[in-house]
Amino acid sequence: SSGINAEWPLRPGGTMGAASAIIFSSLGAAYGTAKSGVGISAMAVMKPDLIMKSILPVVMAGILAIYGLVVSALIIQSLYPAPQYTLFMSFCDFAAGLSVGICGLGAGFAIGVVGDAGVRSTAQQPKLFVGMVLILIFAEVLGLYGLIVGIILHIRITTKAST
């Protein structure tokens, strides 16, 4: 018989999920860091005393990569040879990696754009800082949603495997 079925010895979903989680969330973190860093650099020319206050978007972008690292580590620890690691487990791990990775990528884009514009505008009008922080929190939580879904998917297969 041809095609992918229950007897197929390879289960690439887990490794692809682990790679997707760290790759996409790191891309989001890198974009958020770079875009926010450009805004901080432009703002620092006029107001160098605000650099430390403006570093918040860079920190929040870096957290996104940690989300991907956590899910990747969870997935890697559950990889087993084919009979013990089913196709169901493989696809759940793939979905877990994609959920945290793509959510992290989207959150990184949002943090980068908001961080860049927010830091520049806060330098001109300090009252905008609280608004920028709130928008950054809403952008960061998008990555957190992906982390939660990824962990739930992974826990689903580990509890199913133990029964």
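Visitor: If contact means heavy atoms within 4.5 Å, which residues is E140 in contact with, leaving aside its neighbours within four places in sequence?

Guide: This is a predicted model, in which local features need pLDDT of at least 70 and side-chain atom pairs count only at pLDDT 80 or more, while totals for chains, interfaces and linings use all residues. Residues are numbered from 1 along each chain as its sequence is written, and side-chain values use heavy atoms, with hydrogens and water left out. E140 itself lies in helix α4, which covers residues 129–162, where a helix is a DSSP run of H or I with at least four residues, numbered from the N terminus. With the sequence neighbours within four places set aside, the contacts of E140 are M60, A61, I63, L64, Y67 and I111.

Visitor: How far away is the nearest side chain of opposite charge to E140?

Guide: In this count Lys and Arg are positive and Asp and Glu negative, with His and the chain ends not counted. E140 is buried, a word that stands for under 20% relative accessible area, whereas exposed is over 50% and partly exposed lies in between, with a 1.4 Å probe and protein chains only.

Visitor: Which residue does K35 form a salt bridge with?

Guide: Side chains of opposite charge can pair when their charged atoms come close. For K35, which counts as partly exposed at 29% relative accessibility, the closest N and O atoms of the pair are 3.5 Å apart. The pair links distant parts of the chain, 81 residues apart, with one partner in helix α1 (residues 13–46) and the other in helix α3 (residues 87–124). The partner of K35 is D116.

Visitor: What is the radius of gyration of the chain?

Guide: From the N terminus on, the elements run α-α-α-α, and the chain has four helices and zero strands. The radius of gyration is taken over C-alpha atoms, and the globule rule is 2.2 Å times the number of residues to the power 0.38. For 163 residues that rule gives 15 Å, and the value for this chain is well over it, so the chain is more spread out than a compact globule, with a radius of gyration of 20 Å.

Visitor: How far apart in space are F94 and Y145, C-alpha to C-alpha?

Guide: F94 is found in helix α3, and at 23% relative accessibility it counts as partly exposed. Not counting residues up to four places away in sequence, F94 touches G13, M16, G17 and S20. F94 and Y145 are 51 residues apart in sequence, and their C-alpha separation in space is 16 Å.

Key: Helix = DSSP H or I, 4+ residues; strand = E, 2+ residues; numbered from the N terminus. Salt bridge = Lys/Arg side-chain N within 4 Å of Asp/Glu carboxyl O. Contact = heavy atoms within 4.5 Å.
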